[in-house]
Amino acid sequence: MRAAYPELATVRKVAGGKPVYLVGGAVRDLLLGRRRTDIDLVVEGDAAALAVRLGADVVEHERFATAKAQLDGHEVDIATARAETYPQPGALPEVEPTAGIAADLARRDFTINAMAIPLLRRDPELIDPHRGREDLEAGLLRVLHSGSFDDDPTRAVRAARYAARFGFELEPETKGLLGQADLSMVSADRRNAELLRLAAEAEALRGFALLTEWGLLKPHENGMELAGRTAGLLSEPPWSRIADRGRAVLAAVLGPWGEAEKLVAAHPGRPSEAVKLARGSAPIELVLARALGAEWLDRYLEEWDAVRLEIDGADLIEAGVSEGPALGRGLAEALRRKLDGEVDGRNEELEVALAAARKPGE
Ligand code: ATP
């Protein structure tokens, strides 16, 4: 742990005797021997005060008594140990901020995420009241209690995320409970936030496939199925070329898709028409339209978008065309004919461009 997270030495020094724990994904990933992640700490005391002692510009979330700090370039989330109760299914929890670590672990989603390592102990022992380590070794996702998905149905999306990422299975009872999860019980914002995190995973497609298999995605419901197909497209060529903007792209998938629908409805007959329609569309509009069925966009991206003339404006000026709209008109016409396979080579391009540029009155 010390080697993977050297900044924890600083936390230990400034904790002022208040029990502090490494919790959640960082503990899980340490046990899995995976690369380090940003860390989550729980303190049985004031989270903001600890963050200040760590020299952080504290971003405090009053409601949940949490704070963020940067340590050695890594983000550290610090939370006061808390217990949660859910007033009704899918609602935000009521928070009791004076709990100990056991109650804090008991509010978590899966056993593999409900382990802690106490940082003040010289010889820290894993705190694992829900036998997360066993499940981790067996590759199982298991909720902590039978009401878990009722309390927070977004945990079903989290299950898909972990199952896809780690190749884990749902423990049978958890699978039964998950089948009853109702994502419509949570606000669209919360649902979409978890879906976006799934969409940003390397194994996003598998995650969305699992959600479908579990009966949680209904075609065209809330853009979710669309998000799945979009994530799949972005994971392979040619669409992976624009996936570097993946998060932003997928964020927009879950919102309105305006221009994309025009591209879907268009059915261009010729390459030049396809280029006219698609060029100028934002990447999000293109990939959305493709996810909605505009297959012609594959060829646009693979072939037509890259078609360039061998001539340029300077060639037309040299041939006597004056700068201005005629120049653009000539080049546009040559490109159109080249895209449609009607001209070949520099000489033909020049001929077509000059004819179009010299046409009066256009
Ligand atoms: P990742 O590796 O993707 O960052 P993580 O396990 O760190 O995953 P976070 O979403 O950052 O996940 O949450 C941190 C911890 O908070 C989780 O490990 C889990 O214990 C707990 N948690 C997060 N969301 C929920 C939830 N909806 N219900 C219960 N516990 C949750």
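1. Helix α7 (residues 154-166) and helix α10 (residues 204-213) cross at roughly 130°, and their axes come within 8 Å. That makes α7 and α10 oblique to each other (angles under 35 degrees are roughly parallel, over 145 roughly antiparallel, 65 to 115 roughly perpendicular, the rest oblique). Ala156, Val157, Ala160, Ala163 and Ala164 of α7 touch Arg206, Gly207, Leu210 and Leu211 of α10 (contact is heavy atoms within 4.5 Å). By class, that contact has 7 nonpolar, 1 polar and 1 charged residues, with Gly counted as polar.

2. Before going on: this is a predicted model, with local features needing pLDDT of at least 70, side-chain atom pairs counting only at pLDDT 80 or more, and totals for chains, interfaces and linings using all residues. Numbering starts from 1 along each chain as its sequence is written, and side-chain values use heavy atoms, leaving out hydrogens and water.

3. Now the other pair: helix α18 (residues 325-339) packs on helix α19 (residues 345-358) at about 135°, axes 7 Å apart. So α18 is oblique to α19 as well. The contact of α18 with α19 has 7 nonpolar, 1 polar and 5 charged residues.

4. What sits around the ligand? There are 15 residues around the ligand, and Arg28, Asp152, Arg161, Arg165 and Arg197 come nearest (near means a heavy atom within 4 Å).

5. A polar backbone atom of Asp109 is 3.1 Å from a ligand nitrogen.

How values were computed: Axes fitted to C-alpha atoms, helices over the stretch in contact; angles between N-to-C directions. Helix = DSSP H or I, 4+ residues; strand = E, 2+ residues; numbered from the N terminus. Polar contact = N/O pair within 3.5 Å; in protein donor to acceptor, adjacent residues only side chain to side chain.
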